Amino acid sequence: VIFEDLLEWSATVFRTNYENLIQYVSISGTTLPINVGKARTDGVELEAKLGPWNHWSLEGSYTNLAHGSRPSEEELLRVPNNTAGMAVSFAPAKWEVRLDGLLVSSREESVTGGRNKQEGYFKLDFYGKYQFKDWLRGFVRVENLTNRNYREILGFDAPGLTATVGMTVEK
């Protein structure tokens with residue numbers, strides 16, 4: 001923590017080795033579990049948070065992965081090489097609003113007869129809450145604000161613009 005507790009950051013470097021890794025692949029229109037055997041992921045994760053400053057805060061994260069089965073080095077399925085996130089929030093006394101963004105790079109996907117690249121996507125979400133009483137909080141969550149068509153997994157389209165409104169009672 002530096003700048004009088006306004007900035008927090010972290011960096012992580014990691015390696016994970018797998019034995020008997022199971023991935024689901026598409027064969028003749030059927031999804032089946034396949035043991036790809038040994039695999040490895042090497043990565044770097046960076047995170048930073050600036051604030052709170054006058055009720056504002058800004059957060060960001062980035063992950064870079066190198067991954068593959070061993071010894072072929074063929075990319076693992078459904079694992080993006082790059083992921084970045086950001087969040088901006090404003091939180092005075094009884095309420096909070098937050099805007100979250102997520103950027104995911106392309107990744108390999110199994111299709112009948114082989115593999116193809118599943119395109120990356122950007123997703124933007126909004127969250128707001130208000131504390132009416134110590135025991136009563138209202139909230140609103142809006143996901144996929146840009147109403148973008150994207151797929152986290154091939155064959156499963158993510159929902160479009162989705163809103164949730166509710167109350168939380170804590171006693």
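The legends below describe close-up views of a predicted model.

View A. Leaving aside residues up to four places away in sequence, Asn144 touches Lys123, Leu124, Asp125, Tyr150, Pro159, Gly160 and Leu161.

**View B. The stacked pair of Tyr121 and Tyr150.** By the ring-pair rule, the count of aromatic pairs comes to four, and one of them is formed by Tyr121 and Tyr150, which are stacked at 4.4 Å centre to centre with 20° between the planes. Because Tyr121 lies in strand E8 (residues 121–133) and Tyr150 in the loop between E9 and E10, the pair ties together parts that are 29 residues apart in sequence. Both Tyr121 and Tyr150 are buried, and Tyr150 is also among the residues that Asn144 touches.

**View C. The aromatic cluster of Trp56, Phe90 and Trp95.** Ring pairs link Trp56, Phe90 and Trp95 into this cluster. Within the cluster, Phe90 and Trp95 form an edge-to-face pair, 5.5 Å centre to centre and with 70° between the planes. Trp95 counts as partly exposed, its relative accessibility being 36%.

**View D. A nonpolar surface patch that includes Tyr62.** Val13, Val44, Leu46 and Tyr62 together make a nonpolar surface patch of about 340 Å². Tyr62 is found in strand E3 (residues 56–69), and because its relative accessibility is 31%, Tyr62 counts as partly exposed.

Technical notes: Residues are numbered from 1 along each chain as its sequence is written. This is a predicted model: local features need pLDDT of at least 70, side-chain atom pairs count only at pLDDT 80 or more; totals for chains, interfaces and linings use all residues. Side-chain values use heavy atoms; hydrogens and water are left out. Contact means heavy atoms within 4.5 Å. Patches are made of residues with over 30% relative accessible area and no salt bridge: like charges are joined within 9 Å, nonpolar side chains (Val, Leu, Ile, Met, Phe, Trp, Tyr) within 5 Å. Accessible areas come from the Shrake-Rupley method with a 1.4 Å probe; for residues, only the protein chains shown count as cover. A salt bridge is a side-chain nitrogen of Lys or Arg within 4 Å of a carboxyl oxygen of Asp or Glu. Helices (H or I, at least four residues) and strands (E, at least two) are DSSP runs, numbered from the N terminus. Buried means under 20% relative accessible area, exposed over 50%, partly exposed in between (1.4 Å probe, protein chains only). Rings of Phe, Tyr and Trp (its six-membered ring) pair if their centres lie within 6.5 Å; planes under 30 degrees apart count as stacked, over 60 as edge-to-face and the rest as tilted.
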